[in-house]
Amino acid sequence: MEGGLQPAGGGGDARTGRDEQESPRPEPAFVYTERDFIRSGVGWSGSRAESRLDRALLSAWARRLAAGCFRYPLRGPEMPSRELPGPRRLLAQLNARRASQRRPPQTIAGLRQPFDPRRFNFSRVPAREILFPLRRGGRGGRGGGTDPGARAEAQDQAQSGARPQAQVEAEAQAGPVSERQSQARTQLDPDPRPEGQSQASGRPEARTQLDPDPRPEAEPDALLIINVSPLEQGHVLLVPEPEQLLPQTLTRASVLRALELVLLSSDPAFRVGFNSLGAFASVNHLHLHGFYLRHRLEVEWAPTEPLGVTGAGARVHRLCGHHTRALVLYSDGGDCEEVADTVLAIIHLLLDRSVAHNLLLTRGCALGPQSPDPDSRDGVRLILWPRRSCFGAKDGSAFNVAFCELAGFLPVKTAQDFETLTEESALRLIGEQLLPAEEFQQLGAEIAGLSLH
């Protein structure tokens, strides 16, 4: 495990009285197209330059770490990690502060629980927790406006702190945010709203010089915000459709955004994951997690076999020889919409059957009994775990079983459990949350019979 970032020289706590003017403000929107997808040369061996997304995310995240925007520092003697002896190479991490200091999970009663505006949601996060909006440009650079390459160069300058002079002058002349200007907003309002009141949008500079010709038909921006109780370096929350105030149920747009986010990173350590209601989601507002975990996971290369020979059965595989029961899809970056459609069809089936689920998107090998290039991580594996529903934490357990734990990364709650945890005991805890083999087999048969259009 590589060491993470540490807060810079004692710089105060933005959550407890630090002058708001000194706190980080949201960065300009990150604009991308399919041309930005990293579709070759990704792997654990060798080295590759950071992608635009990696630079933007990690630099913005580091600034917030230095400003004290998190509940606790990441790394140090209080957060050791160790690989559990055994063939599964499970990684345990002691994170007692997350267990004790994170926001208490909301009470969840069912998989289709409606969004409740009276409870905490991500429209209330302060400006310092917002990294930047994610804005999809035209397909492959199509769709008018300035050239994506020119926008990328301007964006790199902006996110390094060198804002164009024209933008600075425009902001100086803009004055207070008016009702008329609010129509151009594209991110959540950086100022928290009172209880029960949400206001979608942000400052006028959110519609940046990077995308000067917004198209009416363009999709709404997604948001990247920090997770104030981080698990790993770069831990962010992806809020795909912030203005919609959707419950924690995957949508086509959210699956697409998650897949694109992984493809925009050149680092195989970057993962994106989702926990459904009943699968340890703690906030009922649609969001996914993203972070850099510098540990090879078995699910990246584990063999797979298709559920069938045609249709969904040929596209959807099951994980083989693994200690969990999971469905697996793969994207090379050129079939994102088709893969998202397939995932959504499966999600609808799981919701109809009241089956909770966890999803991990990670760089991985192509599917099959044996990958022709086991070191390649050029594509993305989407690993979906149907599982037993669990409403509420088990107080006596060493860890809760969500997407991290199913994938092999175990954030442990107490020092005693961290010291005594073995692979055998960890697999036992994970196994208790898996869908029984017979139910998984029946579900696989139903998925293989899905009609995909």
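Reader: Which residues of H1 are buried?

Author: This is a predicted model in which local features need pLDDT of at least 70 and side-chain atom pairs count only at pLDDT 80 or more, while totals for chains, interfaces and linings use all residues. Residues are numbered from 1 along each chain as its sequence is written, and side-chain values use heavy atoms, with hydrogens and water left out. Helices (H or I, at least four residues) and strands (E, at least two) are DSSP runs numbered from the N terminus, and buried means under 20% relative accessible area, exposed over 50%, partly exposed in between (1.4 Å probe, protein chains only). The buried residues of H1 are Arg52, Leu53, Asp54, Ala56, Leu57, Leu58, Ala60, Trp61, Arg64 and Leu65.

Reader: How many Å apart are the end C-alpha atoms of helix H1?

Author: The expected span of a helix is 1.5 Å times one less than its number of residues. Helix H1 (residues 52-66) has 15 residues, so it should span 21 Å. The computed distance agrees with this: 21 Å.

Reader: Where is Glu34 found, and is Glu34 exposed, partly exposed or buried?

Author: Glu34 is in the loop between strand E1 (30-32) and H1. Its relative accessibility is 36%, so Glu34 counts as partly exposed.

Reader: How many Å apart in space are Glu34 and Gly333?

Author: In sequence, Glu34 and Gly333 are 299 residues apart. In space, C-alpha to C-alpha, the distance is 8.3 Å.

Reader: At what angle do the axes of H5 and H7 cross?

Author: Axes are lines fitted to C-alpha atoms, for helices over the stretch in contact, and angles run from 0 to 180 degrees between N-to-C directions. Angles under 35 degrees count as roughly parallel, over 145 as roughly antiparallel, 65 to 115 as roughly perpendicular and the rest as oblique. The axes of helix H5 (residues 252-263) and helix H7 (residues 336-352) come within 9 Å and cross at roughly 130°. That makes H5 oblique to H7, the crossing angle being roughly 130°.

Reader: Which residues in H7 does H5 meet?

Author: Contact means heavy atoms within 4.5 Å. From H5, the residues are Arg252, Val255, Leu256, Leu259 and Leu263. In H7 they meet Cys336, Glu337, Val339, Ala340, Asp341, Val343 and Leu344.

Reader: What is the phi of Ser354?

Author: Ser354 lies in the loop between H7 and strand E12 (356-364). At 53% relative accessibility, Ser354 counts as exposed. Its phi is positive in a residue other than glycine, near 55°.
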